[in-house]
Amino acid sequence: MNAPVDVSFFPRNAKLLSSYRPYWAKRFGIAPFLPTSRAEMEQLGWDSCDIIIVTGDAYVDHPSFGMSVIGRVLEAQGFRVGIIAQPDWQSAEPFKTLGKPNLFWGVTAGNMDSMINRYTADRKIRSDDAYTPGDVGGKRPDRAAIVYCQRCREAYKDVPIVLGGIEGSLRRIAHYDYWSDTVRRSVVVDSKCDLLLYGNAERALVEVAHRLAKREPVADITDVRGTAFVRRLQDDGKTWWELDSTDIDTPGPVEPHINPYMTVSEQAEAAGSNCTRDEQGNSAATADSTTSNATGLSADGTAPIQFHLNPNLQGKNKRALPPRDETVIRLPSFEQVKADPILYAHANRVLHLETNPGNARALVQRHGSGATARDVWLNPPPIPLTTAEMDYVFGLPYARNPHPRYADKSGSHEGETKIPAWEMIRTSVNIMRGCFGGCTFCSITEHEGRIIQSRSEDSIIGEVEDIRDKVKGFTGVISDLGGPTANMYRLGCKSPEVEAACRKPSCVFPGICPNLHTNHDPLIKIYRRARQLKGIKKILIGSGLRYDLAVESPEYVKELVQHHVGGYLKIAPEHTEAGPLGKMMKPGIGSYDRFKQMFEQYSAEAGKKQYLIPYFIAAHPGTSDEDMMNLAIWLKKNGFRADQVQTFYPSPMATATAMYHSGRNPLTRVRRWMRDKEEEQVDIVRGEKRRRLHKAFLRYHDPNNWPLLRQALKDMGRSDLIGNGKQHLIPTYQPLTDGSYKSARRSNSTTGETKTFSRAGAPTATRAGAKTATRSTATPARGKLLTQHTGLPPRPGVTSGKSKRRP
């Protein structure tokens, strides 16, 4: 057996999850499923629940669902935990179905932000919801965290409300709301919760639960890391050193320095004016200067610079710098950031600089004014879990299935009862948490943090064996061994001192930090051990791959490509141009080219035909129309036709969202007067027309987009890209189009779309009015690189409209 070993050297001074004395209700034992009704409570012998979790997702008892992890962790501490999943929020009655919780409500909007879950990047309502049986949309309200907290308060007014989940994490301070195009207050204020737990909340929640069980008032629980709450007064008895960060430097352009060796008349002449002083005055000035030289100046007439200590920091009883754990930073108030986008960008920058648990300071932000003013207080982030604690959390007795209430008459979860999100992860294993990539459009670091928290090898292998032995219908294929990033397992800083002090937003941008070790050997060992297990046919890697890290370990790339790719591998270069890549904090396209070369080499050595599926983002802050044009040229040159188009989606609190709202770059110091406009001003893609154009460049091959692209290329002075040759981006002629588009994601094959083919089998455009010959099962041209973007190769025996979606 391999003993759990921590790679991260982060100081571990927090109380272990397994060290608490269990609550008295532990005598009731373990529930097969956490109860969702009174009848289920009675079967367990419960007369009440100590904690009731309200969630916007269907209840799936699986370690990839937050409500299940929290519920099982609290159950292991001895608490009786009930779940109210996707309640009707129109009244408080559905929130009373399990009775009054003895200790507190636990509220979460679900695994996804409720607004992102319900609306597309174009603010259109989605018709589906992967976290709902039958993939049915509309089972949760907009801004579910706020609505659920309101209904909980209506149901039982005196019960404390503890809010958690990613929706709460991303709204813990005043934040830009893309859907209303305004800055909203902290969710702590709007939801009126008693306590907000942000990030992975096991450690904070266990402490809060035990303190509430000891009848400690929730208003007194103000010292738990990873929590946020409303504070009216400094009433905790602790002395805090407040750093005022409510404003930024506001000077205008600096006037050029005056040359001290110029006379007054010369200075006036240089400034374009006349000097009225006479020669006598100049002589007097010269005499005064001579006198000064004789009384302390150096021989060349210049005086040395004098430095003085700050009088406020002098004295034996005054500290030069207060301890970080006694310091709170005051952010610009809600009213300030709402009125001033520049201050919003500044507040966003300060928050992201205070995310390392080793050195983060508390933050406070004022909401309101006068007698109604309230401070939203954010304690520093939680201490990351140790490997032993990660094993403890993932080793709890999860049923790994949706609750039986969702099953059909035969007891299965198929058809109208299928929960797509569960289907996606039912045979996957989460091996780690966190991400130090720091991509500005991503919310992982704001929620899980940058320090990697890894499980032990034995714990991971044990879960693979559980899937093999317990999951109904298991075919021998593990769909994923990964996490937020597939290949950050056990990666971390080489130095504990550096890791605890670092304030960089990314360990891999603009290049890989020399203090970061990139040893993939532990991950390779897990891959090899897992695929040797009896009954395991294939181990796939479905999580996104950080290819700039992967190329540092050719052995890992070889292992991955030759054993763990099912024909297609997803990677995300996101763009090809330096401008948007710099704002995303993503590596250059050269890293992709290097990985692609290795991928193809090892695939050929294994005798396999495998394909990369690169993903790109349209309309990201910092992306010009020329950038998208160059990306389209790259796509055509490399034979890609992107069907799965991603448009930038401004999620709350992300750095890229601050760019989108303010037009400034919070990755650098935020100033009102920019020294370098090209460096600090961010090109923002706003408006439906321009966003459509950027998406059209990604789908340059779609005839419906050609009129828009033709006009744009002419306006950009690039008519040379319009023509009928291979070097042209779009043709001069326009076929008949109906303006519609059917995504290949639905059919996942060229057989699902009707296209016109040439004799060689390659699709061609047809002139308007010309006769066309169509077929639904075509043979791709020899040598033609086909991916999920160009249409997967047709499969024998699959007819049009009946192809299945690949997992």
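Contact here means heavy atoms within 4.5 Å. Helices (H or I, at least four residues) and strands (E, at least two) are DSSP runs, numbered from the N terminus.

Before going on, a word about what you're looking at. This is a predicted model, where local features need pLDDT of at least 70 and side-chain atom pairs count only at pLDDT 80 or more, while totals for chains, interfaces and linings use all residues. Residues are numbered from 1 along each chain as its sequence is written, and side-chain values use heavy atoms, with hydrogens and water left out.

**The chain overall**

The chain has 27 helices and 27 strands. Of its 807 residues, 53% are buried, where buried means under 20% relative accessible area, exposed means over 50%, and partly exposed is in between (1.4 Å probe, protein chains only). Take the contacts between residues at least 6 apart in sequence: 75% of them join residues at least 24 apart.

Two strands count as paired if DSSP finds at least two bridges between them. Strand 24 (residues 611–618) has two bridges to strand 25, in the parallel sense, and A618 stands opposite T647 in strand 25.

Another open sheet has ten strands, in the order 3-1-4-5-8-9-13-12-11-10, and its pairing is mixed. Strand 3 and strand 10 are at the edges with a single partner strand each, so one side of each has no neighbour in the sheet. From one strand to the next, the twist averages 25 degrees. Helix 4 (residues 144–155) packs on this sheet and touches strand 1, strand 4 (104–108) and strand 5 (161–164), with its direction at about 160 degrees to that of strand 4.

| Strands | Bridges | A facing pair |
|---|---|---|
| strand 1 (residues 51–55) and strand 3 | five bridges | I51 and V81 |
| strand 10 (residues 241–244) and strand 11 | four bridges | L243 and I329 |
| strand 11 and strand 12 (residues 362–367) | three bridges | V328 and A362 |

**The nonpolar cores**

A nonpolar core is a set of buried Ala, Val, Leu, Ile, Met, Phe, Trp, Tyr and Cys residues joined through side-chain atoms within 4.5 Å. The largest has 71 residues, and L481, L545, L569, F595 and F697 have the most contacts inside it. At least three of its residues come from each of domain 2 (427–564) and domain 3 (568–735), with the domain bounds taken from an automatic or database domain assignment. A second, separate core has 44 residues, including F79, V81, I83 and F229.

What does F595 touch? Leaving aside neighbours within four places in sequence, F595 is in contact with L545, Y547, A550, V551, V557, L569, I571 and L612.

**Some loop residues**

Q77 is in the loop between helix 2 (66–76) and strand 3 (81–85). Q77 counts as buried because its relative accessibility is 2%. Beyond neighbours within four places in sequence, Q77 is in contact with L17, Y20, P22, Y23, V206, H210 and Y392.

Under "binding site", an unreviewed UniProt entry lists C435, C439 and C442. UniProt positions are given in the numbering used here, feature names are shortened, and annotations may be inferred rather than shown by experiment. C439 is in the loop between strand 16 (432–433) and helix 14 (444–448), and C442 is found in the loop between strand 16 and helix 14 too. C439 counts as buried, at 14% relative accessibility, whereas C442 counts as partly exposed, at 23%. Leaving aside neighbours within four places in sequence, C439 is in contact with R546, M584 and K586.

Methods:
Axes are lines fitted to C-alpha atoms, for helices over the stretch in contact, and angles run from 0 to 180 degrees between N-to-C directions.
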